[in-house]
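Let's take a walk through this protein together. Keep the structure open beside you as you read.

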Amino acid sequence: MSAPPELPPLVSAALSLSGRRGFVSSTRNETGRLLASLAASKTGLLGELGTGCGVGSAWLRSSAGETTRIVTAESDPQLAKAVAELFAADERIEVVSADWTALMERGPFALLFVDAREAKLSARDIIADVVEPGGFVVLDDFTPSAVWPPMYEGRVDTLRQEWLMDKRFTTVEVMVAPDAAVLLATRH
């Protein structure tokens, strides 16, 4: 491990909620540390599409500046309520109980963490319109690929390929662990 094992308190609380809810696909700590590093460089509005148990938003909050706001959308009303309660003491984090599309009118975003599968698969054009120039888009849950075109399970990974080739972004695949990569896209 190339990072300290300690976790920010809010991240620990979100991971605890995740465990209690039986939520097995939380944001990995490696991805979270990348989110925290990126959040430290941005001001304004940060967003997360697909809250889950709030782990990604907690990582964003762990290093976001005092004037930075975070808004996150979760389509499961009960889960959104539980995460809103988790973040209740921090007025800079807003949990919206709605589909990820509800956040599209909130932009522009300085950073957008795209953690909802549907948004990853079909929303690149919409995302390009709501991320400010110089803003980051982070997509996680990729298996590293060392070839071009990028492959996954013996087939061309068209999602990854489209993000890497989109002229509106400069995108790089970042391996955060031997078995995990994220796409980091900067909006032109």
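**Arginine 92 and its surroundings**

Leaving aside residues up to four places away in sequence, Arg92 touches Arg61, Gly65, Glu66, Thr68, Arg69 and Ile70, where contact means heavy atoms within 4.5 Å. This is a predicted model, in which local features need pLDDT of at least 70, side-chain atom pairs count only at pLDDT 80 or more, and totals for chains, interfaces and linings use all residues. Residues are numbered from 1 along each chain as its sequence is written, and side-chain values use heavy atoms, leaving out hydrogens and water.

You can find Arg92 in the loop between α4 (77-86) and β3 (93-97). Helices (H or I, at least four residues) and strands (E, at least two) are DSSP runs, numbered from the N terminus. Is Arg92 buried or exposed? Its relative accessibility is 18%, so Arg92 counts as buried; the cut-offs are under 20% relative accessible area for buried, over 50% for exposed and partly exposed in between (1.4 Å probe, protein chains only).

Now look at the sheet. Its seven strands form an open sheet with mixed pairing, in the order β3-β2-β1-β4-β5-β9-β8; two strands pair if DSSP finds at least two bridges between them. The edge strands, β3 and β8 (169-177), each pair on one side only. Within the sheet, β1 (residues 45-49) and β4 (residues 109-114) pair in the parallel sense over four bridges. Glu48 has Phe113 in β4 as its bridge partner.
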